[in-house]
Amino acid sequence: MHVTGTAAEIKPINCNHYINGKYVESFSGETFLNINPATKEVLGTVQVGGKEEVDLAVKAARKALKGEWGSMPTKKRSQILRKIGDLILERLPELAALETLDTGKPLWLSKSVDIDRAANNFHFFADYMTAIGNESYQQDDIAIHYSVRKPVGVVGLINPWNLPLLLLTWKLAPALAAGNTVVMKPSEITPMTATVLAQICTDAGVPEGVVNLVHGMGETGAAITSHEDVDAIAFTGETVTGSTIMKAAAPTLKKLSFELGGKNPNVIFADADLKETIETTLKSSFINQGEVCLCGSRIYVERPIYDEFLERFASKAKEMKVGDPFDPDTKVGAMVSEEHYNKVVSYLDIAKEEGGNFLVGGNTLYEDKGYYIEPTIITGLGKNSRCVREEIFGPVVTVIPFDSEEEVLEQVNDTHYGLSASVWTSNVKRAVRFSAQIEAGMVWVNTWFLRDLRTPFGGMKHSGLGREGGAHSMDFYTELTNVTLKL
Ligand code: NDP
């Protein structure tokens, strides 16, 4: 494989913090290296923020709450949000290349999903914020009750590495729409697009101190979650980190929103349209190297079509080109980091130990260049296999046959996770009946990843706390005061 490693005209950047409208370095001068997972080359340096930098960022955010931002008319704030979305689209080629350099994902995916949807997050909330109203009740001739919506205050936004700009803007857009100020921390592994976004916000007219960014590792995130002057935390990441954050936030009773891990089932009944099912299941299994929280990594297929499904699914998976993320024909790029690659590889070993059969894949590729793993389909594993129960977060799926709706439902719900599920059937009554019984925040019928930003997004059980999207986001990022006016 030839790895071009970079789009010729886009240079990677060094990542400084962004505090009170300016790029700054850490007091300690400490930095770490940002590595391109597709080539193992150094992309640049990243500042390590600690308590001091977080404190400065929180102070700037607190001050900005009271200033121009706090009294800005809704219409103007909405125009600024729209402008941020426009500027993201103007800089799409640069942002997409930086995202691909950081994550190893195919460039076409960064362009069509990550950056395009990041802009859309701002455009959506620019409109949504001007359209919502508040509750009011007339209590006969005794009183009128109405609610007043206010920002929560200073919000910490802590993000993972799989969809860096998309997930950050999914939180930043509604937080700003509701009038909050923020301190953001991107994943240490993917810091570049967040660094550019901070400047874009200023260019769009966001006053200084409203959007702050502190880079670093988990300790930096911990400094945000335990800071006494941060009012709320919106976090996306691993379930175990969510639990740690909950403990850290407890002494100061912060408002929390968590989007956590998943082990999502994909249930295919014998009456499904198999062509469409297979096309979409390839995406839900392997897109973004399987590094999407919503990927369907447990595939259950009704026995009458099990063999045919496997044969057709496997032959398509074998055609997927793995390699250089900047090659337009690449379908599966590099895993995000050495650490994550090792984790996914360890599950390939576990599958072998557990007696799994690798129908497709199971190998690493181009080890001298970067962190590549073939799309992998495993059969022959039982419901208690670790590969069936634990979140692998790579291009690895298990396929298990089933004989009845009751049997598969029991397996679908036999997990701590509850993020999403897909159901494939042409029987509408079954689709409605079965979906309603799945213990997950989101169920797709005959599709996957189809989103409308007004709908509730989030997981139940160990997959999340609360919902985001439309009114749910606005509820999280605001506080309500009820006023009772006696008549
Ligand atoms: P992590 O939980 O490891 O990290 C997420 C962020 O939290 C990073 O910025 C990380 O910093 C930071 N962090 C780590 N420790 C702490 C701490 N003690 N206090 C505060 N912040 C901390 O998740 P990953 O980055 O590995 O992302 C993958 C996970 O995200 C998967 O489990 C996936 O399922 C989940 N996810 C869920 C989604 C959903 O919507 N439900 C969507 C996308 C992903 P750093 O890494 O820099 O140390």
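A pocket is an open set of grid points with protein on both sides within 12 Å along at least five of seven lines, and its lining residues have an atom within 4 Å of a point. The exercises below apply this to a predicted model.

**Exercise 1.** State the volume of the largest pocket and find which residues lie nearest its centre.

Solution.
- Step 1: the volume of the largest pocket is about 860 Å³.
- Step 2: 34 residues line the largest pocket, and Pro160, Trp161, Gly237, Glu238 and Thr241 lie nearest its centre.
- Step 3: helix H7 (218-225), strand E10 (232-236), helix H8 (239-249) and helix H11 (338-353) are the elements that give two or more residues to this lining.
- Step 4: H8 provides the largest share, 5 residues.

**Exercise 2.** Sort the lining of the largest pocket by class and by domain.

Solution.
- Step 1: the lining of the largest pocket has 13 nonpolar, 14 polar and 7 charged residues.
- Step 2: domain 1 (5-260 + 462-486) and domain 2 (265-453) each contribute at least three residues to the lining of the largest pocket.

**Exercise 3.** Describe the second largest pocket and explain why it lies between domain 1 and domain 2.

Solution.
- Step 1: the second largest pocket has a volume of about 550 Å³.
- Step 2: it is lined by 22 residues, and the closest to its centre are Trp108, Glu279, Leu282, Lys283 and Ile287.
- Step 3: helix H4 (107-131) and H9 each supply at least two lining residues, and the largest share, 6 residues, is from H4.
- Step 4: by class, 11 of the lining residues are nonpolar, 3 polar and 8 charged.
- Step 5: the second largest pocket lies between domain 1 (5-260 + 462-486) and domain 2 (265-453) because both give residues to its lining.

**Exercise 4.** Find how many cavities of 30 Å³ or more the whole structure holds, then describe the largest cavity.

Solution.
- Step 1: the search finds 4 such cavities.
- Step 2: the largest cavity holds about 100 Å³ of space.
- Step 3: among its 17 lining residues, Gly290, Val292, Cys295, Ser297 and Phe393 lie nearest the centre.
- Step 4: helix H9 (274-286), strand E13 (296-302) and strand E18 (396-402) each supply at least two residues of this lining.
- Step 5: the classes are 7 nonpolar, 8 polar and 2 charged residues.

**Exercise 5.** Describe the second largest cavity by volume, lining and class.

Solution.
- Step 1: about 50 Å³ of space lies in the second largest cavity.
- Step 2: 14 residues line the second largest cavity, with Pro265, Arg298, Tyr417, Gly418 and Glu439 nearest its centre.
- Step 3: this lining has 6 nonpolar, 5 polar and 3 charged residues.

Key
Residues are numbered from 1 along each chain as its sequence is written. This is a predicted model: local features need pLDDT of at least 70, side-chain atom pairs count only at pLDDT 80 or more; totals for chains, interfaces and linings use all residues. Side-chain values use heavy atoms; hydrogens and water are left out. On a 1 Å grid over the protein atoms alone, a cavity is a set of points where a 1.4 Å probe fits but cannot get out, and a pocket is an open set with protein on both sides within 12 Å along at least five of seven lines; lining residues have an atom within 4 Å of a point. Grid points are joined across faces, edges and corners, and a volume is the space filled by probe spheres set on the points. Helices (H or I, at least four residues) and strands (E, at least two) are DSSP runs, numbered from the N terminus. Ala, Val, Leu, Ile, Met, Phe, Trp, Tyr, Cys and Pro count as nonpolar, Asp, Glu, Lys and Arg as charged, and the others, Gly among them, as polar. Domain bounds come from an automatic or database domain assignment.
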